[in-house]
Amino acid sequence: EPIDPLEALIKESEEKLKRLKEEKERAKAKPEIKPAFPDADKRLNFPNNKDIDPYDPTTFGYVEIGTVLGPHGVHGWSKVQGCTDFPERLTTPGMVLHFKPFRKRAPRKVLLADGKCTGPDSF
């Protein structure tokens, strides 16, 4: 039985709307971010407390890989000036990083949700 062209267009439009709704719902669902290296915390060896300078994070066993320059956009992104030879450290989702806030002594653990390279040494 031949289908009316108008009915075919209506049916196609309804299917597209249904697919768009499903895509929107999937986009809204927050994906669970898993650490890139789940056993990273188990492998950490901390230095002796007497060797730690509370004002120098490098004595904690941390290495600076970038500096946060400020916010970027409206989705919670940050601009980072990288100073590392391994850019995957700042672009791999699930990577465990430690962020030292300004005027704070100790770094805080952060799980990288997403990252992208925006230029030379800019992430």
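Figure 1. V110 sits in strand β4, which spans residues 108-111. In this predicted model, V110 has a relative accessible area of 33% and is therefore classed as partly exposed. Together with V68 and F99, V110 makes a nonpolar surface patch of about 230 Å².

**Figure 2. The chain and its secondary structure elements.** One helix and four strands are assigned in the chain. Their order along the sequence is α-β-β-β-β. The chain has 123 residues, of which 13% are buried. Counting contacts between residues at least 6 apart in sequence, 39% join residues at least 24 apart.

**Figure 3. The hairpin of strands β1 and β2.** Strand β1 covers residues 66-72 and strand β2 covers residues 77-82; the two run antiparallel and are joined by six bridges. One of the residue pairs to look for is G70 with K79, its bridge partner in β2. Four residues lie between the strands of this hairpin. In the turn, G73 has a positive phi of about 75 degrees. In a regular strand, side chains alternate between the two faces of the sheet.

**Figure 4. The surroundings of I65.** I65 belongs to the loop between helix α1 (5-28) and strand β1. Its relative accessible area is 17%, under the 20% limit, so I65 counts as buried. Leaving aside residues up to four places away in sequence, I65 touches G82, C83, T84, R89, L90 and L97. The C-alpha atoms of I65 and P87 are 9.0 Å apart in space, while the two residues are 22 apart in sequence.

**Figure 5. The salt bridge between K16 and E12.** A search of the whole structure returns one salt bridge. K16 forms a salt bridge with E12, and the closest N and O atoms are 3.6 Å apart. Both residues are in helix α1; because they are four residues apart there, about one helical turn separates them. K16 is partly exposed, at 44% relative accessibility. E12 is also partly exposed, with a relative accessible area of 39%.

Note on methods: Residues are numbered from 1 along each chain as its sequence is written. This is a predicted model: local features need pLDDT of at least 70, side-chain atom pairs count only at pLDDT 80 or more; totals for chains, interfaces and linings use all residues. Side-chain values use heavy atoms; hydrogens and water are left out. Buried means under 20% relative accessible area, exposed over 50%, partly exposed in between (1.4 Å probe, protein chains only). Contact means heavy atoms within 4.5 Å. Patches are made of residues with over 30% relative accessible area and no salt bridge: like charges are joined within 9 Å, nonpolar side chains (Val, Leu, Ile, Met, Phe, Trp, Tyr) within 5 Å. Accessible areas come from the Shrake-Rupley method with a 1.4 Å probe; for residues, only the protein chains shown count as cover. A salt bridge is a side-chain nitrogen of Lys or Arg within 4 Å of a carboxyl oxygen of Asp or Glu. Two strands pair if DSSP finds at least two bridges between them.
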